[in-house]
Amino acid sequence: MKRIFWLIIGILVGVYAVTRLKKRAQQLAPDSLQQSAEKVASAIRHFGDEVRAGMAERETELRDALGIDTDSTQREDYR
């Protein structure tokens, strides 16, 4: 009886380990890596866009607060 119990436990652990390894192998497959890389690249691009938009907005706020006119500043630079 004791041997049958341990045999069943061994089979269950083996099945569990094999299913976990199969899932891990699928995650590490080239297609999955490509999709993960695309998601990371998209997130980085989105973050960069948000930072640039925030910088432009803040620059406008600072120019308004300081009373700097963008058009007249650009004309003075070219004189």
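**An open helix and the charged pairs of another**

Reply: Helix α1 lies largely in the open, because the number of buried residues among its 26 is zero. Buried means under 20% relative accessible area, exposed means over 50%, and partly exposed is what falls in between, using a 1.4 Å probe and protein chains only. The model is predicted, so local features need pLDDT of at least 70 and side-chain atom pairs count only at pLDDT 80 or more, while totals for chains, interfaces and linings use all residues. Residues are numbered from 1 along each chain as its sequence is written, and side-chain values use heavy atoms, with hydrogens and water left out.

Helix α1 covers residues 2-27 and reaches 38 Å from its first C-alpha to its last, close to the 38 Å expected at 1.5 Å a residue. The expected span is 1.5 Å times one less than the number of residues. Helices (H or I, at least four residues) and strands (E, at least two) are DSSP runs, numbered from the N terminus. The protein chain has three helices and zero strands, in the pattern α-α-α along the sequence. Of the chain's 79 residues, 3% are buried.

The structure holds three salt bridges. A salt bridge is a side-chain nitrogen of Lys or Arg within 4 Å of a carboxyl oxygen of Asp or Glu.

One of them joins Arg-52 to Asp-49, with the closest N and O atoms 2.7 Å apart. Arg-52 counts as exposed at 51% relative accessibility, whereas Asp-49 is partly exposed at 44%.

Glu-61 pairs with Arg-58 in another salt bridge, at 3.2 Å between the closest N and O atoms. These two residues are also in helix α2; being three residues apart, they are separated by about one helical turn. Glu-61 is partly exposed at 39%, and Arg-58 is partly exposed at 46%.

Glu-59 forms a salt bridge with Arg-63, the closest N and O atoms being 3.2 Å apart. Here the spacing within helix α2 is four residues, about one turn. Glu-59 has 41% relative accessibility and counts as partly exposed; Arg-63, at 25%, is partly exposed too.

An α-helix has 3.6 residues a turn, so residues three or four places apart point the same way. Side chains of opposite charge can pair when their charged atoms come close.
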